[in-house]
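Subject: Structure for you to look at

Dear colleague,

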Amino acid sequence: MKPLGLGILGSGKGSNCRAILESIRAGTLPAAARIVISDVFDAQILEIAREFSVSNVYLPPGQFRTRLDLEAETELVRMLRDAEVELVVLAGFMRVLKAPMLEAFPRQIINIHPSLLPTFPGLEAWKQALAAGETITGCTVHYVDEKIDHGDIIAQREVPILPNDSAETLHARIQIAEHELYPEVIAQLCGQRSSSPRSGF
Ligand code: GAR
């Protein structure tokens, strides 16, 4: 079976990207990371890509703070297509994608978010869960649409909130769950592709 071509986008430390690359290396994820792209010049995710010998690119985002400008997003589509990416994996990518990406990769962009969506979209979701006095939170993998942290949910994993959790301890436990869930979900999508040639890929 031909491995599924992944393009991984991130703005930060890249621990989910590392979990995905480690799963590919371990042979548990039948995918190939074709390119890692960041909107942050010195993001650690680019360093991780280099560590795994994956092609990596800094994409200057343009003038806006929460999205790419049109030129940058058009360039992003071009880079992903040139790299023969079939599934776009957002791993801590902190900009909203717009029409150029959503139209170029319909139902082929997924995101991971540190809450049980639709509860607590947005920034620092684990702090929102703590402040709301929840006893359970978790993480969600979902298809990306035009709204922030929104779109059909593919899978979720629950994480209990312990009585003496701080924001840091809770986020660390959610990230452990993320690192298990994201490679598993991508592997599941690889399986769907091979059993249904007309799926989104
Ligand atoms: C992850 O916890 C991910 O769920 C979150 O950013 C973090 C990136 O960590 N994403 C969002 O909040 C999206 N709204 P990483 O760079 O170590 O993978």
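I begin with the ligand, one oxygen atom of which is 2.8 Å from a polar backbone atom of Gly-14; a polar contact here is a pair of N or O atoms within 3.5 Å, and within protein one must be able to donate a hydrogen and the other to accept it, while residues adjacent in sequence count only if both atoms are side-chain atoms. Please bear in mind that this is a predicted model, in which local features need pLDDT of at least 70 and side-chain atom pairs count only at pLDDT 80 or more, whereas totals for chains, interfaces and linings use all residues. Residues are numbered from 1 along each chain as its sequence is written, and side-chain values use heavy atoms, with hydrogens and water left out.

An oxygen atom of the ligand also lies 2.4 Å from an N or O atom in the side chain of Glu-178, and a backbone N or O atom of Lys-13 is 3.4 Å from a ligand oxygen atom. Of the 450 Å² of accessible area that the ligand has on its own, the protein covers 92% (areas by the Shrake-Rupley method with a 1.4 Å probe).

The ligand is surrounded by 13 residues, with Gly-14, Ser-15, Asn-16, Asp-149 and Glu-178 the closest (a residue counts if one of its heavy atoms lies within 4 Å). By class, this shell has 3 nonpolar, 7 polar and 3 charged residues, where Ala, Val, Leu, Ile, Met, Phe, Trp, Tyr, Cys and Pro count as nonpolar, Asp, Glu, Lys and Arg as charged, and the others, Gly among them, as polar. Helix 1 (15-26), strand 5 (109-113) and helix 6 (167-195) each supply at least two of the shell residues, and helix 6 gives the largest share, 3 residues; helices (H or I, at least four residues) and strands (E, at least two) are DSSP runs, numbered from the N terminus.

Turning to the backbone, Leu-117 and Pro-118 are joined by a cis peptide bond with omega about 15°, and Pro-118 lies in the loop between strand 5 and helix 5 (125-131). Glu-84, in the loop between helix 3 (70-82) and strand 4 (87-90), has a positive phi near 60° and is exposed, with a relative accessible area of 58%. Arg-107, in the loop between helix 4 (99-104) and strand 5, has a positive phi of about 55° and is partly exposed at 49% (buried is under 20%, exposed over 50%, partly exposed in between, with a 1.4 Å probe and protein chains only).

With best wishes
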